[in-house]
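Thank you all for coming; I would like to take a few minutes to walk through one structure with you. Please have the sequence and the model open while I speak.

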Amino acid sequence: MVSRTVAKDIITLRGSAAIVSEFFGYAANSILYNRGVYPEESFVKVKKYGLPMLLTQDDGVKSFISNLNAQLSEWLEAGKLQRVVLVIMSKATGEVLERWNFSIETDNEVVEKGVSREKSDKEIMREIQAIMRQIASSITYLPCLDEPCVFDVLAYTDKDVAVPFTWIESDAKLIANPQMVKLHSFDTKIHKVDTLVSYKNDDEWEEQ
Amino acid sequence: MDAGSLNSSSNLKGQSRYPLQEQLLQRRNSKENLDRFIPNRSAMDFDYAHFMLTEGMEGKENPAVISPSREAYRKQLAEALNMNRTRILAFKDKPPTPVELFPHQHSSSFNPVKSAKSRRNIPQTSERTLDAPDLVDDFYLNLLDWGSSNVLAIALGNSVYLWDASNGSTSELVTIDDEIGPVTSVNWAPDGRHIAIGLNNSEVQLWDSAANRQLRTLRGCHRSRVGSLAWNNHILTTGGMDGQIINNDVRIRSHIVETYRGHQQEVCGLKWSPSGQQLASGGNDNVIHIWDRSVASSNSVTQWLHRLEDHTSAVKALAWCPFQSNLLASGGGGGDRTIKFWNAHTGSCLNSIDTGSQVCALLWNKNERELLSSHGFTQNQLTLWKYPSMVKMAELTGHTSRVLFMTQSPDGCTVATAAGDETLRFWNVFGAPEVSKPAPKANPEPFSHVNRIR
């Protein structure tokens, strides 16, 4: 993917798509762990981005995320993916409690002409690391998820994308009157990923 | 009029002021455009306004020109109405729902594993009762043992009977003479084939149960009856009424290899630790000694590692914990009635529980963290305790006299107890056995045909 030059590395469209989908896999695992969607014991620590990242051991979740990532990679390479949203819903009521929104801006020139960009790998790692840290620290301000929850992933794509048979059209699963917190973003010079978490307004707190 | 003076002086420099052309002058500068509707047009930008009115329509596609608030509104609208060229897709196969481990009213995906284990059904009555006539009702003896070959040995009077648990058949191993009997202790060797029998006359006989023949007799170790036995590989440890504990190597001719002196009265409890490194002995002198094999003996008389004097009555019940090394549980007799836990390494007492009744025997559950104790007056019950909380999990009654002898099956599921009421009872207290015994059920007198030998 990259050739080691002095400071910057060459990033191709495919490489960038791989970085973004890999990022999404780890971010999703981190969110599931930190928000307590799955029990802590089902996660195992691995080293990634210079941080101890937690990955689920649950086979069902693992295969779900890897299938997802494969499809996201494909869409990213085609430049058709606009955003990925991880939704956390209450298991009992199905109400959306949290929405983790990863917007993706694709440099269309790269998609059309197949050129590559230059950016230091380390720089990208640093940016991703910052986002991961923010996700982990988000538990300090996000409301507690007391009830058992399930998660789902939505992909916002261009309309002209052919829907693979394993995917179905869905509604946006928005939260009414959400509180939003914008996290850091990272940029591979081909794809720019913005992270935003919106969550249900905690009624107990005074509305300002 | 004043407006004219507000204009930048550069505009007026190149112009001569004609009184009649005053108005025209002002009109040249768009900023001076005045009329009675809008007296002051200095705040207006005519160039821009003109542009917006005429070409502004096409500028909608050019995001640079649109004001930020307009842009945000457009985006919000598009998102809400899904007018963007966006498709929202979700994966068809949903991710698995997490299994709940914390208590919740919704029982749909309630994790059954944890609850099933804690609510293990412990039958309150014995699964099977066998007749055990002539069982000597003496607290200090050890007349029951279950071997690793799944054969139970019980000493009734002068005879030792073997009961095969796999088929329920009974056989007599030996009947000794009246002069040297009765049998005061039985203990299976680790191989489940050889069995040691301690006698009232201080001798110990060694038998091969498969060949049904006696191998040797150990003599000269004790001066009175041998009430307790414990095996450690090839070492048979014998405890006598004389208070002595002797390690016998059964393979060699002069079998006495070590003597432990310390007890002043009969040694009734004798147990090797699972590692085989330490021996716990309990005596009628209310003392527990812990002996360590690694302590070298100079003249074959070894000093104890610990002397535990907390009990106030005879200590016969001793049990080493299978899941925690160096943990010993001991039970005191009628005057003490407590179960105490010891750290065998340091000799400190970790816990003491008053059970309210004489503790005759103790057994640890090999599969769970539980302890079973057998008692005497008044209930003659078996109590199952949760460790380490020492919460009573079950109390099993059935015996009508103190439950003196207790042993567990090699698979760790069944416990056999014998009491002075001349019954041998089996309890599925440690869990249901996986293989159902083909033996006839609840036969109250399987010993009957053997009984008639007398």
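**An asparagine, a helix and the cysteines**

The backbone oxygen of B:L229 lies 3.3 Å from a polar side-chain atom of B:N187, where a polar contact is a pair of N or O atoms within 3.5 Å, one able to donate a hydrogen and the other to accept it within protein, and residues adjacent in sequence counting only through side-chain atoms on both sides. This is a predicted model, in which local features need pLDDT of at least 70 and side-chain atom pairs count only at pLDDT 80 or more, while totals for chains, interfaces and linings use all residues. Residues are numbered from 1 along each chain as its sequence is written, chains are lettered from A and ligands numbered from 1 in the order written, and side-chain values use heavy atoms, with hydrogens and water left out.

B:N187 counts as buried because its relative accessibility is 16%, buried meaning under 20% relative accessible area, exposed over 50%, and partly exposed in between, with a 1.4 Å probe and protein chains only. B:D145, 42 residues away in sequence, sits 5.7 Å from B:N187, C-alpha to C-alpha.

Turning to chain A, A:D58 caps the N-terminal end of helix 2, with a side-chain oxygen 2.8 Å from the backbone nitrogen of A:G60; helices here are DSSP runs of H or I, at least four residues, and strands runs of E, at least two, numbered from the N terminus. After helix 2 of chain A comes A:G79, with a positive phi near 70°.

Finally, the count is 0 disulfides over all chains, a disulfide being a pair of cysteine sulfur atoms within 2.5 Å. B:C221 is buried at 6% relative accessibility, and B:C349 is partly exposed at 34%.
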